[in-house]
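Student: I have not seen this structure before. Could you take me through it with a few questions and answers?

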2 protein chains.
Amino acid sequence: MNRLIASTAIGVIAAALASPASAELKPGDQIEYRQAGYSFMAWNMGKIKDNLQGDFNQEQVIKAANAIAAVANSGMGALYGPGTDKAAGGHKTRVKPELFKPENAEEVGRIAHEFLAAADNLAEVAAEGDKAAVQTAFGDVGKACKSCHEKFRLNDDD
Amino acid sequence: MNRLIASTAIGVIAAALASPASAELKPGDQIEYRQAGYSFMAWNMGKIKDNLQGDFNQEQVIKAANAIAAVANSGMGALYGPGTDKAAGGHKTRVKPELFKPENAEEVGRIAHEFLAAADNLAEVAAEGDKAAVQTAFGDVGKACKSCHEKFRLNDDD
């Protein structure tokens, strides 16, 4: 493999998620931490969904949206280092090898940027407190999640 | 058990972490999500530690501190509902039953408040960019983590 192109692909992911790669973390730890981030964001997405479908508690929605945005902006690109394209250290992963391929670097970067923008927007809209606007912004975050899951994550039944 | 006192104890935890309890989540899911939150905070604490011991990248420290503060403020008290004092849904937990006892409610609330205050302070100090001040604020968060772990979490060798 062309190392320059490969490192560029990783670099695009890392830059898109705004953090240098962590050289010290083992691949299994990287997988564990990135899954923790996605799991925690999923909990907070669920809370916002509950608020949109029931009583709208703006304080809870703000806290959940802030958590999603801060996790999204924390530099999770560093958790996709070499060796994390498959199970490592006892930690399985559903990421597809395609995520790491140089020819997909531009698309991965685009999806990552869209996700960050949608997460930031949700946090801003939540602070303003308009339920309909939160509904739209929440949908945009969901679409950004889904666009990556559909292309770069294995389904449970794969 | 006196239900009023018991519910007050849970209420103090929930209020301290600023979120209503989630009635819909299964105990196993609550354990999974709270562990995800602590794991993700641990990754970000590790990044700040690396920055304090090596080259100080303020942008990375700010992002990590913001993630810790946002996760801490997201209402994790809702993830300590009934049935989460022991393994559930295939998810083990190291929480001690003492955390849920009414006689410890005041202490749990105090520790939770100290943790939130320390996490908020770290995020504020990180934004200012003074490495020595970040070192102090980081130490305060670590102490708050430790005070809960020592009293309310089983050790690995327990």
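Predicted model: local features only at pLDDT ≥ 70, side-chain atom pairs only at ≥ 80, totals over all residues.

Student: What rotation superposes chain A on chain B?

Tutor: The shift along the rotation axis is 0.0 Å, and the RMSD is 0.0 Å. This is the relation of a two-fold axis. The rotation is 180°.

Student: Which residue of chain A has the C-alpha nearest the axis?

Tutor: Take the axis that relates chain A to chain B. The nearest C-alpha in chain A lies 2.1 Å from that axis. It belongs to A36(A).

Student: How many salt bridges are there over all chains?

Tutor: The rule asks for a side-chain nitrogen of Lys or Arg within 4 Å of a carboxyl oxygen of Asp or Glu. By this rule, the count over all chains is twelve.

Student: Are K146(A) and E150(A) buried or exposed?

Tutor: Their side chains meet in a salt bridge, 4.0 Å from N to O. They are four residues apart in helix α5 (residues 131-152) of chain A, so about one helical turn separates them. Exposed means over 50% relative accessible area. Both K146(A) and E150(A) are exposed.

Student: What is the N to O distance between R110(B) and E107(B)?

Tutor: Both residues lie in helix α4 (residues 105-128) of chain B, three residues apart. R110(B) is partly exposed, with a relative accessible area of 42%. E107(B) is partly exposed too, with 22%. Their side chains meet in a salt bridge, and the N to O distance is 3.7 Å.

Student: Where does E128(A) lie, and which patch is it part of?

Tutor: E128(A) lies in helix α4 (residues 105-128) of chain A. At 65% relative accessibility, E128(A) counts as exposed, because exposed means over 50%. On the surface, E128(A) gathers with D120(A), E124(A) and D130(A) in a patch of negative charge.

Conventions. Residues numbered from 1 in each chain as written. Chains lettered and ligands numbered in written order. Heavy atoms only, no water. Patch = residues over 30% accessible without salt bridge, like charges linked within 9 Å, V, L, I, M, F, W, Y side chains within 5 Å. Areas by Shrake-Rupley, 256 points an atom, 1.4 Å probe, with all protein chains shown as cover. Lys, Arg positive; Asp, Glu negative; His and termini not counted. Charge placed at Lys NZ, Arg CZ, Asp CG, Glu CD. Helix = DSSP H or I, 4+ residues; strand = E, 2+ residues; numbered from the N terminus. Buried < 20%, exposed > 50% of the residue type's maximum accessible area, 1.4 Å probe, protein only. Least-squares fit on C-alpha atoms with pLDDT ≥ 70 in both.
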